[in-house]
Amino acid sequence: MGLNHALRVVSKRVQNRVHQTITINPLCHIITAKSSNLTWRAGIDQNINHATNQIPRTCRRQQQQQQLSTQTRYYGSKTIVQLETKPLPGMQAMQPYIRSCVSREAEGQARAGQEMEFAVSFIGTASGASTMHRNGSCTALRLGGQTFLFDVSEGTMRQLEYTKIAPSSITKIFISHLHGDHLFGLVPIILNIMVTHKVLMANPQKRAKHKQNHGDKASLEIYGPPGLYNYISMVLALSCSKMKYLDVNVIELVGGREEQGPMATRPRRNRNRNIFLSHYPEIESPVIKRKYLQQNENNVWIIDEPPQITGETADAGFTHQDGFHRLPNDVNLSLGRRLHIKAAELDHLGGVQTFGYTVEEQPPPGNIDVEKAKSLGVRPSKKYGLLKCGLSVQNDDGTAEVHPHEVLVTSFRPRKFAFVADHRRVPVPMAQLCRNADLMVHEATLSKEDGLDKIKMRGHSTPYRAGILGKELGCKVVALNHFAGTTVGRDYVYSRVLEAREGNHKASQIIASHDFMEVWIPRGGFNLVSAND
């Protein structure tokens with residue numbers, strides 16, 4: 001029996017009993033339809049006795065007890081997303097680091113704490129036109145208590161409902177450019193985050209913990225090109241949406257090459273007004289603040305730059321909610337964890353300012369040999385924090401200096417994530433930011449077979465260029481993303497992977513992203529011996 005036919009039969013039998021109150025419990029019957037990357041399951045209620053066309057006794061008893069005076073109709077169905085485990089050829093080395101971020105599957109996965117410190121979840125991997133199996137662009141960086149979103153396409157909110165990502169954990173959103181397939185899901189996400197914080201504050205059992213993490217009022221930071229504030233404020237104003245329980249800070253990255261937008265090259269009646277940069281008092285909201293961030297002399301926007309770890313900062317540290325003294329670079333700081341976040345321009349299309357972003361953690365503390373430290377005259381104290389951060393200390397007697405290499409058994413290099421959005425060329429500042437990234441997400445909209453003319457006209461890159469860039473910049477893993485609307489077949493996606501490997505020459509691991517795939521980066525970053533074996 002086909003999926004559509006089964007849905008139609010069940011629906012008909014329910015409608016024949018509209019004078020009864022029927023509560024449908026889904027997932028009693030499973031119909032499965034497989035695709036190249038995902039398995040979609042539609043759960044249909046089977047509480048109706050198809051042989052006798054009668055309502056189960058439990059439903060009749062419940063109806064009699066409630067003595068409903070109105071006629072009510074309930075429909076029940078549920079969609080389950082399940083990840084396919086069969087990898088593409090050549091991706092076997094990455095399998096230990098690839099998993100599903102779907103909630104039902106994630107619940108059954110045994111995870112160590114460090115597996116959530118730095119994980120990249122692909123929420124949507126399509127380009128301008130979503131497909132049955134790929135939603136529009138959205139990538140999430142999960143940092144053990146807080147989540148960053150990169151681009152928010154239409155339908156992202158529904159995609160997130162399938163994952164373990166809590167809306168209240170989203171603290172920053174980064175928009176690459178103002179094309180609809182990267183932006184149209186932003187306002188629903190903002191409202192969803194606001195409602196989630198409202199519900200948590202109204203729950204007496206969760207209010208105290210929520211206030212401890214977020215204060216009296218949660219905040220959300222949104223970064224992107226000029227015009228982003230006007231877009232958000234206009235949509236909220238025209239949709240009569242009330243913003244409460246959440247402070248929204250929209251930080252526009254100004255001073256770039258294309259900040260005037262396409263209006264800069266078009267004749268305007270009022271040459272002093274630009275819709276990207278102008279202020280419109282009638283749509284402004286007191287809880288949505290507009291801020292500006294200028295680029296530095298290297299044409300880079302420094303979004304966040306934690307102070308360097310010194311003896312003073314390490315000694316001060318933080319008193320975490322668990323009561324322990326935490327170092328400023330501790331990976332378990334949750335919302336208090338600060339990272340190096342930077343942005344630079346990409347060359348996408350004329351008049352469309354586009355940004356790429358990188359996120360790099362502070363050098364994590366190493367592991368100390370306590371017995372060795374004691375033998376050198378340093379007993380457990382805050383001095384251990386200094387040694388873990390690579391700083392030398394005096395022993396407890398003050399007679400000798402103890403160096404980190406004498407007591408550290410392991411040390412870790414910082415992990416880096418690079419998000420390279422739509423582009424036809426990567427300028428030097430952005431390329432330098434991506435250098436030595438553990439995971440670089442790179443678009444794969446076109447193919448090298450399309451030719452340079454089409455690449456320049458469309459403003460999109462190719463997997464071949466992604467492979468070359470990964471090799472030149474020393475990226476450990478290159479994840480192909482932003483596939484064109486025709487890429488619904490496994491063979492098509494694999495051909496793009498082969499094209500990227502052709503340009504990469506086994507310098508990086510090449511993987512193809514798909515919706516609900518998650519890549520976790522181990523502490524210390526990737527250390528893959530050989531690529532694409």
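Q: Which strands form the open sheet, and in what order?
A: This is a predicted model. In it, nine strands form an open sheet in the order β4-β25-β5-β6-β7-β8-β9-β10-β11, and the pairing is mixed.

Q: Which are the edge strands?
A: They are β4 (98-100) and β11, each of which pairs on one side only. On average, neighbouring strands of this sheet are turned by 25° against each other, with direction ignored.

Q: β5 and β25: parallel or antiparallel?
A: Antiparallel: four bridges join strand β5 (residues 119-124) to strand β25 (residues 517-520). Within this pair, S121 has E518 of β25 as its bridge partner.

Q: Moving to the other end, how many bridges join β9 to β10?
A: Seven bridges link strand β9 (residues 218-224) with β10, and the two run parallel. E221 stands opposite N249 of β10 there.

Q: What unit do β9, helix α7 and β10 make?
A: Together with helix α7 (residues 228-238), β9 and β10 make a right-handed β-α-β unit.

Q: And β10 with β11, in which sense do they pair?
A: In the parallel sense, over seven bridges, with strand β11 covering residues 288-294. V250 has R290 in β11 as its bridge partner.

Q: Why is β10 described as largely enclosed by the rest of the structure?
A: Eight of the nine residues of strand β10 (residues 246-254) are buried, so the strand is largely enclosed by the rest of the structure. Buried here means under 20% relative accessible area.

Q: Where do the side chains of a regular strand go?
A: They alternate between the two faces of the sheet.

Q: Changing topic to helix α6: what caps its N-terminal end?
A: The cap is N203, which has a side-chain oxygen 3.0 Å from the backbone nitrogen of Q205; helix α6 spans residues 204-214.

Q: Now the whole protein. How many helices and strands are there?
A: There are 15 helices and 25 strands.

Q: What share of the residues counts as buried?
A: Of 533 residues, 50% count as buried.

Q: Last one: what share of the contacts with a separation of 6 or more is between residues 24 or more positions apart?
A: Such residues account for 69% of those contacts in the protein.

Key. Residues are numbered from 1 along each chain as its sequence is written. This is a predicted model: local features need pLDDT of at least 70, side-chain atom pairs count only at pLDDT 80 or more; totals for chains, interfaces and linings use all residues. Side-chain values use heavy atoms; hydrogens and water are left out. Buried means under 20% relative accessible area, exposed over 50%, partly exposed in between (1.4 Å probe, protein chains only). Two strands pair if DSSP finds at least two bridges between them. A crossover is right-handed if, with the strands pointing away from the viewer, the path from the first strand over the helix to the second runs clockwise. Contact means heavy atoms within 4.5 Å. A polar contact is a pair of N or O atoms within 3.5 Å; within protein, one must be able to donate a hydrogen and the other to accept it, and residues adjacent in sequence count only if both atoms are side-chain atoms. Axes are lines fitted to C-alpha atoms, for helices over the stretch in contact, and angles run from 0 to 180 degrees between N-to-C directions.
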